[in-house]
Amino acid sequence: MYINWAHHYIPKVGGACSFFINVLFIYIVQDDKKVQIGNYKILLLSFAIYNLASTAIDLIVPLCIFDYKRAFSYFVVTGLFEKKSALGAIAICIRCSFIPAAYGILHSHFIYRYMVLFNRQVLTKYFLPYGLIMSVAYCAVLMAIWFYAAYVFVLAQKESRLYLETIFREKFDQDINDLNIVIALYGDASIEIIRNSWTGILIGTFISLYSVVVYVVLGTQIVHKLQSTDLVMSDKTKYLQKQLMNALMVQATIPMIVCFTPCFLAWYLPVFNLDIGNWIYWTSTVAISFFPVLDPLSLFYFLPVFGARVREIIGIKRNTTRISSGLKIATLNS
């Protein structure tokens, strides 16, 4: 199904950029002799691997968001899982579940940065393997909850498909009964459909809001600690901690802009029967597809040693003596 040129081409360009940037990022991070970030590289690598997986599934299961009157919908537009099937229903729900996985990985990063400042001994003793295992399990739980909410409560039923059947024929020249689609219907439907729609959407809302609260609470405490006078840390190490925190705050802001905000608008505008035009499906899915591109760029920007490695790899010569001598990250886990 062809939606528009932006929806068709931009995610593919974003996918190519994501693979290039994240593979480059993995190459830089894994070379610990150069960047010297200790165990923290494991969390950085996990985010890069997630970015690659998210890009892959975005290309395999390309989606479009569409709001109409009292309904929100999210459907596969092309590829192996476009036509309605049991496997396609699972695929679209898995694609939905990748959103909270990003939240979970960011939570792990915030907790790690918090522990570096407040309880480094526990972090050093237990991060490998227990902390890492708990981080992976935590992300898996968030994904499972979101998958369950999508599959059980908002996977399109006959009644919700009927509500959008006419507009899909007019707008996309498609029979909605042939598509894999998630639909939340807030009115003009049976009590069961409305109740299930609200249940699924509220589960996603709770996870998203909870994630933001975690960012704010831990981020505030970390910033206050870095600004306090009782922090026993050299100026160089404190500077590096601040730079890492700046990068992490940007990493946390990106999903709120490209995932959290468009999802909330798409979910809740139909509650009030608001029609704000076609921009929802022009921008929302396109913005989400660029999240894996923007995430590693924040570290390239805020951490001089990463920028220096990029320039070294692509052959741009620059005086990096100050960077290599004054901005090493060797004390992150000491």
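Good morning. I begin with helix α4, residues 86–118: at 1.5 Å a residue, its 33 residues should span 48 Å, and the end C-alpha atoms are 48 Å apart, so expectation and model agree. Please bear in mind that this is a predicted model.

Helix α4 does bend, by about 25° at I99, and a proline, P100, follows within four residues. This helix is also mostly covered, with 26 of its 33 residues buried.

Is L248 buried or exposed? L248 is buried, because its relative accessible area is 0%, and the cut-off for buried is under 20%. Apart from neighbours within four places in sequence, L248 is in contact with L106, H109, F110 and R113. By comparison, I207 is 41 residues from L248 in sequence, and the two C-alpha atoms are 19 Å apart in space.

Finally, the backbone. Most residues other than glycine have a negative phi, and most peptide bonds are trans. Which residues does a cis peptide bond join? That bond joins L128 and P129, with omega about 5°; P129 is found in helix α5, residues 120–154.

Two residues other than glycine deserve mention for a positive phi. D188 has phi near 55° and is placed in the loop between β3 and α7. At a relative accessible area of 58%, D188 is exposed. N273 likewise has a positive phi, near 55°, and lies in the loop between α8 and α9. With 45% relative accessibility, N273 counts as partly exposed. Thank you.

Technical notes. Residues are numbered from 1 along each chain as its sequence is written. This is a predicted model: local features need pLDDT of at least 70, side-chain atom pairs count only at pLDDT 80 or more; totals for chains, interfaces and linings use all residues. Side-chain values use heavy atoms; hydrogens and water are left out. Buried means under 20% relative accessible area, exposed over 50%, partly exposed in between (1.4 Å probe, protein chains only). Contact means heavy atoms within 4.5 Å. The expected span of a helix is 1.5 Å times one less than its number of residues. The bend at a residue is the angle between axes fitted to the seven residues ending there and the seven starting there.
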